[in-house]
Each structure stands twice: as C-alpha cells, then as structure tokens.
Amino acid sequence: MEEENQFFESGEARIQSRQGLVLSTMDYKDNDGLITMADENGIFKVYAKGVQKETSKNRRLFLPFSLTRIAYDPKYSRDFLFLINGQVIESYWKNSSSLEYQCINQILTSLILRHDSTPEIYYDLHSFWQKAQEGEIADARLAACKTMIEILHEAGVLMNVDECTVCSRTDRIAGVSIETGGFVCLDHLGEHQPWPKADLMLLRRLTRYPLEKLYRQDLRPQDDQFLLWLMEWYQYTTDSRLRSLDLLKQLIEMGDRKKDKTSSNQCHSVFRIKQ
C-alpha cells in the first residue's frame, strides 16, 4: 500500500492521496455523498461532490467490498477529505452476490465504525474480503473471526483465555463461560456445554497470534457457529444489539440444513494451557 500523505503535483495545486477500504456510503444533499473508509491509521471520511449522479465517474469508487485510492484537495479538506478523483485498486465484487458475506461484512464494518480501525483490523478485514472472493471459505472464516477478536480487544471485552476464570488453574480447561468472562475448567463448567479441544485451542490462538501466523497453522473454524458465538459475546458483554445478526443466523441455519451433519460426534476433551 502506498504511503499515506503522498503528494502529487497537478498544475499549481498540490493534491494529496489516501487509500483504504470502503466501509459505508451515505447520501448527502441532492447528489453528493459521504463515504467512510479505513486504512492502517484509522477511519477517515470523504466528501464526494456529485457522486450520486448517474453520469459521475466517481460512482464506481465506493461500491461495497472495494479497496480504493482517492486523490483529494487538502485546501478544502477539514472534517472530510474533498474528493477530486480516484481509482479502484481492487474490487472484491463476488462477495456482493452472497447474502451471508454481506451480513458478516455489515456487522464487522458497523463495529469498526464504532470502535475505529487499527493496523490489525485493517489487515484482517481486507484478508476476509480477499479469501471470500477467492472461494477460500475456511480461511475467510478465520479472517472474519480474527477481525471480530480484534474488535473485542478494541471494545475492551476480550475474553480471558489464560486460565480458568473461576479458580485460575491452567489445566483441565473444558469450556468458555460468558458470565465469568472466559475459560473455565472442568470443575467449574457448570451448566455450560464442553467445547471441542480444537475450538479451545483456536480461540486461544486467535487472541494471541496475528492472522499471518494463523494461516500457517492447521486450525480453522469448522463452521460459521464460531463466528456467531464471537458476535454474541460482543452483544452480551457490551449490552448492545447487532442489527444484522438475526438475519445472519437464519442464513447460516438454512445452509446447515442442507449439509450432512456429521459434526455431532466431535471429541470433547480437556485442554492444558501452555505457559
């Protein structure tokens, strides 16, 4: 990615550029638009004059799932970057044909708008778009889960995966308790269902390792339930509601009905945390 604040000479004007992921667009006045984008340094807003006109050459710049580079005039840019023109660096357009990916993206981008972007969130969301576009479903799930983990971290509600949250022991870890805030051992599992050992290991790795390292390892979410659980964790711990989550659950449930359900025989075993 090109450096932020790169300058280009255009006659007497000095035009500045910035590149980022398109998070949202909002109509403004009759034909203008306000676009919210994100890069490694955070969220920024773009004022696009006349972008709603069908004859506007800039309309295509801000479609969903787009990585776009804009040129703007710093002279007129204060709260918003005043768009001059731009270029779509990459369009992950195939994702727009999947209602499930649209819902996942809507939830993730709405939370990024709420909690800001970081270098990790930027990389993880971009990777989710890329892997989904390429049809790498398992890696796309992993990237979406990692994005959600980073959002939980920014919101201050990341689960404790270092020990049992009741007795602080690091062996015989058997599940996760949303009420106590993280891992629980077999003695304090209570009414909670035990987790598969692979899922406990994956959750711990998600909180500790960057996505690049996770790609080189063998653990992946087995289905979309892992991501749903992370989103429900956010709702519970922040006492808020994710608008598209109910629809996403319905879509995933419909997809699960079409699959041969052989995952009910997963092995549940205790997990020892390596220090």
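**Figure 1. Buried residues of helix 6 in the predicted model.** Phe226, Leu227, Leu228, Trp229, Leu230, Met231, Trp233, Tyr234 and Gln235 are the buried residues shown in helix 6. The model is predicted. An α-helix has 3.6 residues a turn, so residues three or four places apart point the same way. Helix 6 covers residues 225-238. Just after the helix, Asp239 adopts a positive phi of about 55°.

Figure 2. Lys249 and Glu232 form a salt bridge through their side chains, with an N to O distance of 2.7 Å. Because Lys249 sits in helix 7 (residues 245-257) and Glu232 in helix 6 (residues 225-238), the pair ties together parts that are 17 residues apart in sequence. Lys249 is partly exposed, at 27% relative accessibility. Glu232 is also partly exposed, at 32%.

**Figure 3. The salt bridge between Asp246 and Arg241.** The closest N and O atoms of Asp246 and Arg241 are 3.5 Å apart, and the two residues form a salt bridge. Asp246 is partly exposed, with a relative accessibility of 39%. Arg241 is exposed, its relative accessible area being 56%.

**Figure 4. A network of salt bridges that includes Arg169.** Salt bridges link Arg169, Asp171, Arg172 and Asp187 in a network. Within this view, Arg169 pairs with Asp171, and the closest N and O atoms of that salt bridge are 2.8 Å apart. Arg169 has a relative accessible area of 26% and is partly exposed.

**Figure 5. The protein chain as context for the close-up views.** The protein chain has 275 residues, and 46% of them are buried. Its secondary structure consists of 7 helices and 8 strands. Among contacts with a separation of 6 or more, 58% are between residues 24 or more positions apart. The chain has an accessible surface of about 14800 Å², and carbon and sulfur atoms contribute 45% of that area. The count of salt bridges is 11, including the pair Lys249 and Glu232, the pair Asp246 and Arg241, and the pair Arg169 and Asp171.

Note on methods: Residues are numbered from 1 along each chain as its sequence is written. This is a predicted model: local features need pLDDT of at least 70, side-chain atom pairs count only at pLDDT 80 or more; totals for chains, interfaces and linings use all residues. Side-chain values use heavy atoms; hydrogens and water are left out. Helices (H or I, at least four residues) and strands (E, at least two) are DSSP runs, numbered from the N terminus. Buried means under 20% relative accessible area, exposed over 50%, partly exposed in between (1.4 Å probe, protein chains only). Contact means heavy atoms within 4.5 Å. Accessible areas come from the Shrake-Rupley method with a 1.4 Å probe; for residues, only the protein chains shown count as cover. A salt bridge is a side-chain nitrogen of Lys or Arg within 4 Å of a carboxyl oxygen of Asp or Glu.
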